[in-house]
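Subject: Structure handover and notes

Dear colleague,

I am passing on the structure that we talked about, and I would be glad if you kept it open beside this message while you read. The sequence and the model come first, and my notes come after them.

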Amino acid sequence: MNVAVAKTGKGRAVSDLFTSAEGRLPGSPTVIAARREAFETYERLGLPHRRIEEWKYTDLRALVGEVLPLAAAPDAPALKRAADAVKAYAIAGARKLVLVDGVFAADLSDVKALAAEAGFKTLRETLEKDAGLLKTASTDAVIALNAAMATDGVVLSIADGAQLSAPIQIIHIATAASASSFTRSQVAVGKGARATIVESFVAAGAKTYQISDAVLVTVGDDADVAHIRLMDDAPDAVNVTSHFVTVGANVKFNFFNMTTGAAVSRLQGFITLAGDGSELSANGVNLLQKTEHGDTTLVVDHAVPNCVSREVFRAVIDDRGHSVFQGRIIVRPDAQKTDGKMMIRALLLSDEAEADNKPELEIFADDVSCGHGATAGALDDSLLFYLKARGLPEKQAQALLIQAFVGEAIEQIADDNLREHVIGIAERWLERRS
Amino acid sequence: MALLEVKDLQVRVEEREILHGLTLTVNEGQVHAIMGPNGSGKSTLSHVIAGKPGYEVTGGQILFRGEDLLEMSPDMRAAKGVFLAFQYPVEIPGVATMTFLRTALNAQRKARGESEYSTPDFLRKVREVSKSLNIPQDMLKRGVNVGFSGGEKKRNEVLQMALFEPSLCILDEMDSGLDIDALRIAADGVNALRSPKRAMVVITHYQRLLNYIVPDVVHVMSKGRVVKSGGKELALELEASGYAQFEDAA
Ligand SMILES: Nc1ncnc2c1ncn2[C@@H]1O[C@H](COP(=O)(O)OP(=O)(O)O)[C@@H](O)[C@H]1O
Ligand SMILES: [Mg+2]
């Protein structure tokens, strides 16, 4: 029997991606074996496509075609460009951890200041010991590929009771064109701790590139955590990110995602409420123009009783943009008194803009209060006219109404400084509108 | 030169002609009242002057200081000094009144090539004007008109008028839905803005408002035309005899 060699759309053998990168992938021999196994899983499955239910609206085979070769480690000029990008995107007062083309850049990071408040290692360091961080329960091809190829990431541990005095900002910077980078990070928050983690994705010079990121988050009982992801990659980039979050009891977990960049992007979050009495607030905004495709897929799993989840999502879609929001709320048989609500609204700024909103409830308990709503529509003409009659030109009138629309999600960010930072990114998106 | 000249204006909405050749001339410093029964086309006229979409002008013209107003976008008209106080001001959730006021004022100034207001100057001005109109500061932090009473919405319109300093103010049914106290506050606000450089067109169904804002000229509108014009006594005459006498004339 002939074994066909899997080929990409461009005729390259899929296995080249791994074999050509293998020398650069960190880890002990057992880690390398785990990587090879993960890559075989990816090779068998290939990129997700529309016949896989979870990827129905985001057919990576059609949208992306093939995975670009692994980016080289950044050289001095690349790090110089990255340093400039850090200046532009850093949040005032935050402790920065910078990854350039998938490699941790210590010189651009605030490792010393952070060390006083949190445990920190790179993924590269942990992989010298074991492959634990490469393992997840998922069978998703993009996650397998990420495990096989991850070059670096940040591994944070926040001790029980620690109250971080400043946000930690993980900044992913792309400098390498026509290349892909793979990162994987872990954030472990101890009991009763309080922390704010921000992740920013930006480009420094690179235009066409691919990002694959995975973040594993665990939150101990009674902790209070804000996790904010701001994906502002270059307009021709691809960003596929997976989050795995496990939340303990009596936790306040506030998640926010904003998509303002990338030609094709997907954030898939799997959040498990595994302890009683926790409150999850998961919100997001997709701002899309040109032919951008932005997918936010969130699975909120109520595994135990007495938890509250609130989801507010807003999408603003211009030109021929395509926004996808898939929100699934699972309520397990034991999860009585679950209170889960999800509200999705899409604003279509052009006739060719597209929104696929798919809310799903899977409820296996009987004493619960769950609901969802989804709407899609254009800007209200009577509001636009009122603003224009007061002297606002069309684009400015639209911008004010769009800001109000996304404000309903952005206002869920409690910290004033962070909220202003996020509003600033949204404003820059509005200025980019032609 | 007249400030506003509406000449033989014909307007259609959804294939139906609403204004059938309306003519009106307003000079600087004058206050004109337009009275007429419901459905006579008063709001239509005000919307066409302000540039609201959905109206098809099939004949006639509107000149503002001699310039063709119909050629201008609504925001350009505002920058030139045209202000319409709406019969039904809309609510804009999520846009703080203060942000709205500042954005609008600076957009108008920018369009006229003037410098933007500095924050302290702007705040001082808003505080001054809102105080005279009895508008509490915390109302300005709320979304535009969100949760405002009818009277508050109308006062918010007068506040904008005072802030933007337009040369033509059109007040569409400013009295609708207001009790006598609210009406007096709003009318006092409007009267404070009367000036030899500014004209007003006060649209109303009832004579009552004209006790507070006394006009120089009164026009009676019926079925899409001005059917009679006269001095302020005409309003009293109408109050006594009603609109019926004009229905046939139209
Ligand atoms: N958007 C519209 N579509 C259809 N008919 C309209 C519309 N707006 C106004 N009209 C009609 O035009 C006429 C004049 O209305 P309007 O200008 O509101 O009168 P007024 O303000 O004097 O009460 C009425 O017969 C009304 O039904
Ligand atoms: Mg009317």
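The notes below begin with chain B as a whole, go on to ligand 1 and end with a few single residues.

Please keep in mind throughout that this is a predicted model, and that the values quoted here are computed from it.

**Chain B as a whole**

Chain B contains 9 helices and 12 strands. Its radius of gyration is 18 Å, which is close to the 18 Å that the globule rule gives for 250 residues, so chain B is as compact as a globular protein of that length. If you follow the C-alpha trace along its principal axes, it spans about 55 × 40 × 35 Å. Of the 250 residues in the chain, 54% count as buried, and the accessible surface comes to about 10,800 Å², with 48% of that area belonging to carbon and sulfur atoms. The contacts can also be sorted by how far apart the partners are in sequence: among those in chain B that link residues at least 6 apart, 69% join residues at least 24 apart.

**Ligand 1 and the residues around it**

For Thr44(B) the atom belongs to the side chain, where a polar atom lies 2.5 Å from an oxygen atom of ligand 1. For Gly39(B) a backbone N or O atom lies 2.8 Å from an oxygen atom of the ligand, and for Ser40(B) a backbone N or O atom lies 3.3 Å from a ligand oxygen atom. Taken alone, ligand 1 exposes 560 Å², and the protein buries 64% of that area.

Asp8(B), which lies in strand β1 (residues 4-13) of chain B, has a phi near 50°, a positive value in a residue other than glycine. Arg65(B) also has a positive phi, of about 50°, although it is not a glycine, but Arg65(B) is found in the loop between β4 (56-64) and β5 (67-68) of chain B. Asp8(B) is partly exposed, with a relative accessible area of 42%, and Arg65(B) is partly exposed as well, at 37%.

Is Val202(B) buried or exposed? With a relative accessible area of 0%, Val202(B) falls under the 20% limit and therefore counts as buried. Val202(B) sits in strand β10 (residues 199-204) of chain B, and, leaving aside neighbours within four places in sequence, its contacts are with Val31(B), His32(B), Ala33(B), Ile34(B), Leu171(B), Leu209(B), Leu210(B) and Ile213(B). Val202(B) and Val214(B) are 12 residues apart in sequence, and their C-alpha atoms are 9.6 Å apart in space.

Tyr117(B) is placed in the loop between α3 (97-111) and α4 (119-132) of chain B. Its relative accessible area of 23% lies between the limits of 20% and 50%, so Tyr117(B) is partly exposed. Not counting residues up to four places away in sequence, Tyr117(B) touches Leu105(B), Asn106(B), Arg109(B), Phe122(B) and Lys125(B), and its side chain makes a polar contact of 3.5 Å with the side chain of Lys125(B). The C-alpha atoms of Tyr117(B) and Arg102(B), which are 15 residues apart along the chain, are separated by 8.3 Å.

His293(A) is buried, with a relative accessible area of 4%. Beyond its neighbours within four places in sequence, His293(A) is in contact with Tyr57(A), Thr58(A), Leu63(A), Ala263(A), Val264(A), Ser265(A), His322(A) and Val324(A).

Terms used. Residues are numbered from 1 along each chain as its sequence is written. Chains are lettered from A and ligands numbered from 1 in the order in which they are written. This is a predicted model: local features need pLDDT of at least 70, side-chain atom pairs count only at pLDDT 80 or more; totals for chains, interfaces and linings use all residues. Side-chain values use heavy atoms; hydrogens and water are left out. A polar contact is a pair of N or O atoms within 3.5 Å; within protein, one must be able to donate a hydrogen and the other to accept it, and residues adjacent in sequence count only if both atoms are side-chain atoms. Accessible areas come from the Shrake-Rupley method with a 1.4 Å probe; for residues, only the protein chains shown count as cover. Helices (H or I, at least four residues) and strands (E, at least two) are DSSP runs, numbered from the N terminus. The radius of gyration is taken over C-alpha atoms; the globule rule is 2.2 Å times the number of residues to the power 0.38. Buried means under 20% relative accessible area, exposed over 50%, partly exposed in between (1.4 Å probe, protein chains only). Contact means heavy atoms within 4.5 Å.
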